[in-house]
Amino acid sequence: GEVCNMINKKYNEFLPSMQSAEDLVSQVDGLSGNIDLLKAGIENEVQRDLNVAVAEFTELKQQLERDTLVLSILKKLQEFDTAIKEYNTALLEKKYVAAAQQLEKARSSLNMLESRKGFELKILKALGTELTVQTQNMLYHLGEEWQKLAVWKLPPSKESSSLESAMHSELHLRTVPSKEEEIAGPPVASVLQAFAVLGELHTKLKIFGQLLLKYILKPLISYPSLQPFTEEQSDVFILRFKSKEPNLDHFSPMEVFDKIKLIFEVLHKYLLNVPLEQPAEDKKECRLTLAELLGDMIWEELSDCLIQNCLVNSIPTNSSKLEQYIEVIKSTEEFEKALKNMQFLKGDTTDLLKYARNVNSHFANKKCQDVIVAARNLMTSEIHNTVKITPDSCVTLPRLPDPGAGDHLKMQKTSKLLPNDMVNLENETKLSQYTFSLPTCRISSSVEKLMELAYQTLLEATASTDQCCIQLFYSVRNIFQLFYDVVPTYHKENLQKLPQLAAIHHNNCMYIAHHLLTLGHQFRYRLTNILCDGAATFVDLVPGFRRLGMECFLAQMRVQKGEILERLSSARNFSNMDDEENYCAANKAIRQVLHQLKRLGKVWQDVLPVNIYCKAMGTLLNTALTEVVTRIAALEDISAEDADRLYSLCRTMVEEGPQVFTPLPEDDKNKKYQEEVPVYVQKWMTFKELMIILQANLQEIVDQWADGKGPLAAEFSAAEVKSLIRALFQNTERRAAALAKIK
C-alpha cells in the first residue's frame, strides 16, 4: 500500500507541478530574452540620443554665458560711451564736478572691462588712451580755472629770502558776483571739488600750501616790519605787503598771531571754505573742508616756524617778566581757537600751545643757555685786559637780606638791659677788617664780569620757581667747571710763553677761589629748599682753582729758572777770569740774568700780590746766586786777579739784584722791599760771605769762621771753606795752620 501511495503521489501530484514549473521556466526565459533585446535597443538608440542632447545643452549653456558676457561688456562699453558723452557735455557747460564724476564712471567701467580674465579687446587699449586724454584735458581746464582763481605774483627766485623780495609777493583771489553765484554756483567749489573727484586736489593744495608758507606766512613771522595789506576790487581780492619801522627787533607773538589770523580769514572767506563733495554713493562720508585739508598739510611746519622765530624770542630773560607771559599764552589759545573755528585746525592742544604753556621750563633752559654762552665768551676774551682788585673791592651786588638780622636786634635789646658798671669781657685786640680779604692785585676784567654774572644768575635763581632755581644754580657751577676746562686749553700757548699772562691767570684763579668760599653761603637761605640742605655750595671747587692757578704760575717759574741757568751756563764756569774772553763771557751772563729779572720785575709789577711777587722774584734771584756760588765754590784754582774779577761780578749781583724788586709802580714804596731782600733770597747771606772770602786774607777767613760759630760757618760747611782756601791761597804753613782751624 505504501508503494502504491508513493507511486501515486509521484505521478499524480509531482509530475503535474513539475510540468507547470517547466512551463514557467520557459516563459521566464522568453521574458529574459525580451528584456535583453530591450536593453540592447536602449543602449544602442536612447543612450546615443541622450549624449547628443547633453552635448547640445552644454553648447547652449556656453553660448548663453558668452552672450551674457558680451552683453555685460557691451553694457559697460555703452556706459563708458555714455559717460564720455555726458562728460563732454558737462565740460562744455563748465560743470566741472559732473564732468569729473562722469570721467570716474568711465574709469570704473574701463577697470571692470580690463579686470575680466581671458577676455581681451583691442578696443580697450584705445579706450584707455581716450580716457587718459580726456582726463588730462579735464585737468588742463581745471588748472586754467585754478590759475584764474588764485594768482601768485612772486619776486625773482634769487631774492626769495629777503625783506625786499617779500614786499614784491602778492596773492590775487578772484571773487564772484552774487548773480553769477546763484546761476552757476561758486566756481571755486566747482573747480576744487572736481580736483577732489579726480584725486588731484592733494597735489594742487600742497603746491599752494608751500607757496603760502614761503612767500606769505614765514616772511610775516620772520620780519617784524612786514604788514599784510588787503585790497578788494570788483572781481578780485588782493593780498600784498607793506613795510613799517619796527619798534623792536622781535615783536610780540600777539602781533604775529593777528597777522597770521588775518591771512587765514582772507583765505577762508574767498577760497578755502569749500566742502569737498563726495560722489553720490559716498554720502555716508563726512564733509571735509578744503581748510582742514590745507591745515593738515602746513600746520606742522607753520607751528615749528612760529615756535622757533616767534615764541622762542618771546621767552623772558628775567624771572620778573614771567607773569606777563600769561598774555602770550592766552593769545596762543585764542589764535588756535580762531583757526579751529575756520576748520584749519582739528583736535586738542597742539605743540604750539604746549610750548607756550611750558614757559617756566623754556625760561630756565634759555636763561641757562644764555648764561653759559656769555660765560664762554668772557673766557675766550683777552686775558691781558685787567682791572685792579684791592681789599676794599667787591662784586657789585644787590643788597641781600642778612639771614641773621633778627639775632642782631635781639642782641641790641639784651645789651640795654645790662648794668652800666658791668665789666666788658670782650678782647680788645681785634682782627683787621682786611684779614680775610684778597690782597691787592690785577685780574682780567673778563673774570670780574664772569663773577658778576655768577652773582646775578644766583640772584635770579632766588626769585624763580624751584625747578628753574635748581637749573640756574647748577648753571653757575657749570660756569666755573667750564672755566677750569676752557681757559687753560684755549689760552695754553700764551700762558706758557708770556709771564705776565701766567701771573694774571694765577690771580684770576685765586680770585675765583676766594669768592667760591662764600658764594654758596651768601645765597644758601634764599634758594629752594632742595638746595638749602647743604647742596648749595661751591667750596668743593676751591682746591681745584687754587691748584690750577699755582700750577700755571709754577710752570712759568720753571721756564724762567731754566732760562737763568741756561744763561749762566755760558759763563764758562767762572774759571780763569784773568782771561779777558772768559771774563767778558761771565760778565755778559750776569748782565743777561739781571736783565731777565728786571724785565720780569716790570711785567709782574702791580700784577701779582706783593707777597707773591717778592717770593717769586726772590726764588729766581736765589736760583741765580746759588748757581754762581756753586760754580765758584767748585773752582780748584783762583788767582788773585781771578778773585778780584769774581768779586767784581758778585758785587754787580749784590748791587743790582735788589733793584729787580719793584712790586709797586711808586719807586719810593719799593725801597722797603729792596731792603728786605735777605728775607726772600735764601742764599743772599751765603753770597755775601763768598764775596768776603774772595777779598779776605787767611786770618780774616779764620775770624769769620770763629771755631764754627761765626757768620761764615752759618753759610758754608767746613769742607767748602777749606776748598775755597786751597783754591785762593798757595800751599804754605800759614794756609796749613788756617785749614787746621777750620773744622
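## Second largest cavity

In this predicted model, the lining of the second largest cavity is made up of seven nonpolar residues, one polar residue and no charged residue. The residues concerned are F264, G295, I298, W299, L302, L339, F344 and L345.

## Largest cavity

Two cavities of 30 Å³ or more are counted in the model. The largest of them has a volume of about 70 Å³. Its lining consists of L378, M379, S381, I383, S444, S446, V447, L450, F483, V487, H491 and N508. By residue class, the lining of the largest cavity comprises seven nonpolar and five polar residues, with no charged residue.

Three helices each contribute at least two residues to the lining of the largest cavity: α12 (359-379), α14 (445-462) and α15 (466-490). Of the contributors, α14 gives the most, with three residues.

## Cysteines

The count of disulfides in the model is zero. For C469, the closest cysteine sulfur belongs to C468 and lies 7.6 Å away. A disulfide requires two cysteine sulfur atoms within 2.5 Å; the sulfur of C469 is therefore too far from that of C468 for a bond.

Burial can be assigned to two cysteines from their accessible areas. C469 has a relative accessibility of 2% and is classed as buried. C305 has a relative accessible area of 8%; because buried means under 20%, C305 is also placed in the buried class.

## Threonine 135

T135 is located in helix α3, which covers residues 122-149. Is T135 buried or exposed? Its relative accessible area is 10%, and the limit for a buried residue is under 20%, so T135 counts as buried.

Which residues does T135 contact, once its neighbours within four places in sequence are left aside? The contacts of T135 are then with L103 and R107.

Technical notes. Residues are numbered from 1 along each chain as its sequence is written. This is a predicted model: local features need pLDDT of at least 70, side-chain atom pairs count only at pLDDT 80 or more; totals for chains, interfaces and linings use all residues. Side-chain values use heavy atoms; hydrogens and water are left out. On a 1 Å grid over the protein atoms alone, a cavity is a set of points where a 1.4 Å probe fits but cannot get out, and a pocket is an open set with protein on both sides within 12 Å along at least five of seven lines; lining residues have an atom within 4 Å of a point. Grid points are joined across faces, edges and corners, and a volume is the space filled by probe spheres set on the points. Helices (H or I, at least four residues) and strands (E, at least two) are DSSP runs, numbered from the N terminus. Ala, Val, Leu, Ile, Met, Phe, Trp, Tyr, Cys and Pro count as nonpolar, Asp, Glu, Lys and Arg as charged, and the others, Gly among them, as polar. Buried means under 20% relative accessible area, exposed over 50%, partly exposed in between (1.4 Å probe, protein chains only). Contact means heavy atoms within 4.5 Å.
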